[in-house]
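Please open the structure in your viewer and keep the sequence panel beside it.

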Amino acid sequence: MNAPVDVSFFARAAKPLTSYRKYWAARFGTARFLPTSRAEMRALGWDSCDVVIVTGDAYVDHPSFGMAVIGRMLEAQGFRVGIIAQPDWHSAEPFKALGRPNLFFGVTAGNMDSMINRYTADRKIRSDDAYTPGDVGGRRPDRAAIVYSQRCKEAWNDVPIVLGGIEGSLRRIAHYDYWQDKVRRSIVVDAKCDLLLYGNAERAIVEIAHRLAAREPVQHITDVRGTAFVRRETPEGWFEIDSTSVDLPGRVDAHVNPYLMVSEQAKANGATCAKEDEAQAVAAQAQATAAPVHFVPNPAVRLKPPPRERSVIRLPSYEQVRADPVLYAHANRVLHLETNPGNARALVQAHGEGTTARDVWINPPPIPLTTAEMDHVFDLPYARSPHPRYADENGSHDGATKIPAWEMIRFSVNIMRGCFGGCTFCSITEHEGRIIQSRSEDSIIKELETIRDSVKGFTGTISDLGGPTANMYRIGCKSPEIEAACRKPSCVYPGICPNLNTSHDPLIKIYRRARALKGIRKILIGSGLRYDLAVQSPEYVKELVQHHVGGYLKIAPEHTEQGPLSKMMKPGIGSYDRFKQMFEKFSAEAGKKQYLIPYFIAAHPGTSDEDMMNLALWLKRNGFRADQVQTFYPSPMATATAMYHTDRNPLRKITRDSETVDIVRGEKRRRLHKAFLRYHDANNWPLLREALKKMGRADLIGNGKHHLIPTYQPLTDGGYQSARRKNSTPVAQKQNPVQSAQPAKPVKPARGRILTQHTGLPPRETGAARVKPARKAK
């Protein structure tokens, strides 16, 4: 079966990845694992590396890990690539482990932003790191991309540094930093890298590598899409557009017009001029008796806008957005308006003043990969395993050296990239874009067969067949012209765009073909489901529910109230209800007991205390008890983060008096919003009682079926143990006030009543035979 031909505008807009002439070092062949030491280099016959990739993650040679994708991509182009994974950053010596790279250092903090990886939403240090052997925290520095870049410069000052990964993508302009509670400069300035590659960077990294190999100075490589760099001034031949002409942030003080009358100038400044006012009154009286004069445009004069490919939008400077929240919200809005590769213009933002002033120049986003190019990327010779250096004495990665992030995706297959949902709190769109890039059926089936035949420990179950969103495979705009011109941040909010092709037929087809493979017993869908899209195809919901749900299905309504949902750009809870009806109907038809696991966010911008109270009531009515609570985490560059920092809504035009957003700040209010999600936890009841009384809702406090929390208070330890490592929910005891003040031991739930990790639903039915108790002898 041949891969479908891409009809998108983007399919013909870039040089194919496989069209480059291979570099001479291709003669060395393919490495089982990219080398991480001089000894491994010598075994391959190498005397040096052309590219050295420095990463904050352990080296796992799998297409879900960025360092492996970029490394294998460059290897396929003929370059010798080495990996320095999780180096000790306290000196430059570990960065010299593979010698001086011939072309450049590739630097990435890893698959996750290093600050989000290290700190919780409450800014507390995590003790674990899923991308490190043994799940051990502290193996990478804070702001790893900056630290690694500086150490690479110390190691070899003359070697170009190409920075990539999600940490760089989300910090390409001046951005609000949640951990320091201030606006920081673009990471291009702080890291002092030569080039920043944002988004999925295969196309850019291949072009840059070949140009550097051809001895082109890195300072001359300024025309590659998806890159950012520092330059001193706008080059000749470019049209510079002030961003305030794109989206006016409020009153702008214009230059004085020398042709204005004195009184007009005075009025503009809030004053008057008596003589001119008198003369103007006489003129107005004369005009009232004369015929009106109308001005019409001259059809012979047509003003053409400057060409987009030679236009650059100047954002407010770093100093301006740092000092003025309104200008920050404006800059964030303009950045998101310029994200469609079909019509985006370059952006520029000044950093510094006077002789130290320099511009951070951001080229338009990269052209999405075609289906053939996606197949090429995923068909590269990955070992699909962590590097042998992490193995234990038995050569296994399943014990103390287990890497949880690899374990999670070990038996999963990524079938697409991108997301057009546009959720304001999510970073997928900022990094991968909103154009869906899908693999062919043959490529997906080939990977499934590879897992079945060669991945150690495979038992016949595929843990996921999805991507950023489970059900966007081969979904996109019906019109290539509209797709290339559209500037909407979401294709499914406030409703599904009429130009969006919502057919799930290609996904149904790949599901059926995949589960028909010999040796594949079960295929689960672990990616998040866009349920408002799924209900457009009842056939897909039936296919999913009856064949690909392992007892539970995760979906994310995020909230029930319209206020926060409008700031998230998420559908109303009615869409969830429609999907739930379908889910239960098709589960019943299949004779299966299956449950939905809805996820919700606490403390998101635009959420009032009343919104959280109503969500808690909804949870109780529907019998949900959330053990794991997700609190809003302001990641750099996200639209919701701009709301958090500025109190403004960048989803609408920004003005000085534009809509303000209710922001949940301060530890006490954030704890309250989390407490509403965990209304069943006795440790939260005192806080909830106090809040409900202040809100005038003391009627929700009582011991009846319809009350939110009871009047009695058990003796508890006042703390909260996450269910992250313990799959049960202790039940608090009622205590007599005269009893000892010692904390009561939790009562073990009755048999069959142990609650699930997230929802309080009954245990998963696995189909395993139940052992009946032996009968007593008569």
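In which loop is Cys 426 found? Select Cys 426, and you are in the loop between E16 and H14, where the labels stand for strands (E, at least two residues) and helices (H or I, at least four residues), which are DSSP runs numbered from the N terminus. Before going on, note that this is a predicted model, in which local features need pLDDT of at least 70 and side-chain atom pairs count only at pLDDT 80 or more, while totals for chains, interfaces and linings use all residues. Residues are numbered from 1 along each chain as its sequence is written, and side-chain values use heavy atoms, with hydrogens and water left out.

**The whole chain**

Show the entire protein chain, which has 25 helices and 23 strands. Of its 778 residues, 52% count as buried, a word that means under 20% relative accessible area, whereas exposed means over 50% and partly exposed lies in between (1.4 Å probe, protein chains only). If you display the contacts (heavy atoms within 4.5 Å), then among those with a separation of 6 or more, 75% come from residues 24 or more positions apart.

**The cysteine loop**

Return to Cys 426, which is partly exposed, with a relative accessible area of 23%. Now select Cys 419, which lies in the loop between strand E16 (416–417) and helix H14 (428–432); at 10% relative accessibility, Cys 419 counts as buried. Leaving out residues up to four places away in sequence, Cys 419 touches several residues, including Ile 428, Arg 434, Thr 469 and Met 472. The UniProt annotation "binding site", from an unreviewed entry, covers Cys 419, Cys 423 and Cys 426; such annotations may be inferred rather than shown by experiment, feature names are shortened, and the positions are given in the numbering used here.

**The sheet of ten strands**

Next, colour the open sheet of 10 strands, whose order is E3-E1-E4-E5-E8-E9-E13-E12-E11-E10, with mixed pairing; two strands pair if DSSP finds at least two bridges between them. At the edges you will find strand E3 (81–85) and strand E10 (239–242), each of which pairs on one side only. On average, neighbouring strands of this sheet are turned by 25° against each other, direction ignored.

Within this sheet, select E11 and strand E12 (residues 346–351), which run parallel and are joined by 3 bridges; Ile 313 has Leu 347 in E12 as its bridge partner. Then step to Ser 317, in the loop between strand E11 (311–314) and helix H10 (318–323). Ser 317 is buried, with a relative accessible area of 13%, and, apart from its neighbours within four places in sequence, it is in contact with Gln 349 and Ala 350.

**The sheet of three strands**

Move on to the open sheet of 3 strands, with the order E21-E22-E23 and parallel pairing. E21 and strand E23 (630–631) stand at the edges with a single partner strand each, so one side of each is left without a neighbour in the sheet. Helix H24 (residues 667–677) packs on this sheet and touches E22 and E23, its direction making about 165° with that of E22; axes are lines fitted to C-alpha atoms, for helices over the stretch in contact, and angles run from 0 to 180 degrees between N-to-C directions.

Is strand E21 largely enclosed or left open? In E21 (residues 552–558), 5 of the 7 residues are buried, so this strand is largely enclosed by the rest of the structure. E21 pairs with strand E22 (residues 595–602) in the parallel sense over 5 bridges, and the bridge partner of Leu 553 in E22 is Leu 596.

**Two helices to finish**

Finally, select H24 together with helix H25 (residues 685–694), which pack at an angle of about 100°, with their axes 10 Å apart. That makes H24 roughly perpendicular to H25, since angles of 65 to 115 degrees count as roughly perpendicular. Among the residues that make the contact are Leu 672 and Phe 676 of H24, and Leu 688 and Leu 692 of H25.

Conventions: Parallel < 35°, antiparallel > 145°, perpendicular 65-115°, else oblique.
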